[in-house]
Structures are given as C-alpha cells and as structure tokens.
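Colleague: I'm new to reading protein models. Could you walk me through a few features, one at a time?

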Amino acid sequence: MKSFLIIGMGSFGHHLCRTFAETDCEIMVADINAEAVEDVLVLGVSARIGDCSNPDVLASFGLNLFDACFVCMGTDFQHSLEITSLLKEMGAKKVFAKADQDIQAKFLRKNGADIVIYPEKDIAAQLAVEASYDNIFDCIPFVDNYYIVEIQPAEEWIGKSVGEINFRAKYNLTIIATKKGTAISPIPPVEYVFQEDEHLMVLGHMDDVKRVMGTVGHKKKNH
C-alpha cells in the first residue's frame, strides 16, 4: 500500500484525496486552515494543521515515509515554491506540484518539483482533442504534451501487421495496448494484425496524434 502527503486542500487537493482514498492508499492531508480538512476526515485520512512553509512543520510529518508528496496550493504561488523547495531539501522521494501557468511550472521545476501538474490545462486539452476528432475515444494526459490516446484503427491498417506498417517509425507513436470491448491486451507484438472491431491505445506527442488522425482514413466514431 502506498502512502501520500497532500498539502493544500483546495478543490484539486480534495479531488486528489478522494481519488486516492478509493484506491485504499494511506493519505495525510495538510492545510493551514482547519476547516479545509474537516470533510475528508470521514475517508479515514490523517490530517495536520499548520503552515507547511515552516520547516519545523514539514519535519514533523516524517517525509521519508511517503511515496510522493503533492503541493496543491491554490492562489498562493509563493508558498507553493517555498514548500516544493523544502520538500526536496528535506528528502521527499517525489514531489508533484500544481501549476496554473507555464511560468509557474518553470519556477516549480527549478525549485525541485519532479512533476508539474496542470489540472485545468490538461482537462481543457483533453476535452478539445476528444471533441475535435471523430475517432479519438479517450485521451489521458501523460507528461509534457504526451498523451495516451484511444483511437480506432485506420481503414488502411486493417489486415496488416504492426511490423508490416512499420507503425512506430512511420507515425512516431507507440502502441501500448489493443482493446476489444472491455478486454485489453498490452503491448502487441510486431506480427500483430490490426482488426476492424478493436481500438488501439497509443502513446505519443499530441502533434503526432493529430497528424495521424488528419492524414489516415478512419471510419466515423460509433458512440
């Protein structure tokens, strides 16, 4: 069972906490405001009240016990920077930090963030991609404009193998799984033959995904 520290219990911190709770992870939440943590206590999480930009407060949490720490501050970006830096200096294994702008992401990375999270930007990009292309069924942000995308095979791929098409070299995308209904088969071999009644889970840069969706023949999405 993994354990996580979530600092800053605004809207994103709450959603993150509830999602982790559903996976039976051990969770500690922290906020300077006691009222911000009250409603998640029923989820079985532990809570701490205090200013996490204070090194003594952070040291009391036992940072080495957490698999990852999440800095989810809302409007106080200065505190996000200070807390991110302190977490790394004090030995946190992995630090995720929330950003709302590119300039914030730049400074968070310089201050030690291992991964920067763009909740609103990622959701907007995901919705825009899914709505813009008939044959994208799901779109999951990965990192730095890379996505895992569920697509329908192009008509010209049907009956041909992954190797025959030279898929990775030709499209600069990696097929991580095939999907039929609810059955998912990971990492198809090069001799795998594309079938009409399946979907593909591909990983790649969004520019390459868009290029493929715009240049190869696809059937209309079946909802």
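Colleague: Where is Ile-187 found?

Modeller: Helices (H or I, at least four residues) and strands (E, at least two) are DSSP runs, numbered from the N terminus. Ile-187 sits in the loop between β10 (183–186) and β11 (199–205). Its phi is positive, about 45°, although Ile-187 is not a glycine. Keep in mind that this is a predicted model, where local features need pLDDT of at least 70, side-chain atom pairs count only at pLDDT 80 or more, and totals for chains, interfaces and linings use all residues. Residues are numbered from 1 along each chain as its sequence is written, and side-chain values use heavy atoms, with hydrogens and water left out.

Colleague: Is Ile-187 buried or exposed?

Modeller: Buried means under 20% relative accessible area, exposed over 50%, and partly exposed in between (1.4 Å probe, protein chains only). Ile-187 has a relative accessible area of 65%, so it is exposed.

Colleague: What about Asn-166?

Modeller: Asn-166 is at 45% relative accessibility, so it counts as partly exposed. Asn-166 lies in the loop between α6 (162–165) and α7 (167–171), and its phi is positive too, near 60°.

Colleague: And which residues is Thr-178 in contact with?

Modeller: Contact means heavy atoms within 4.5 Å. Leaving aside neighbours within four places in sequence, Thr-178 is in contact with several residues, including Ala-183, Tyr-192 and Leu-200. Thr-178 belongs to strand β9 (residues 174–180) and is buried because its relative accessibility is 6%.
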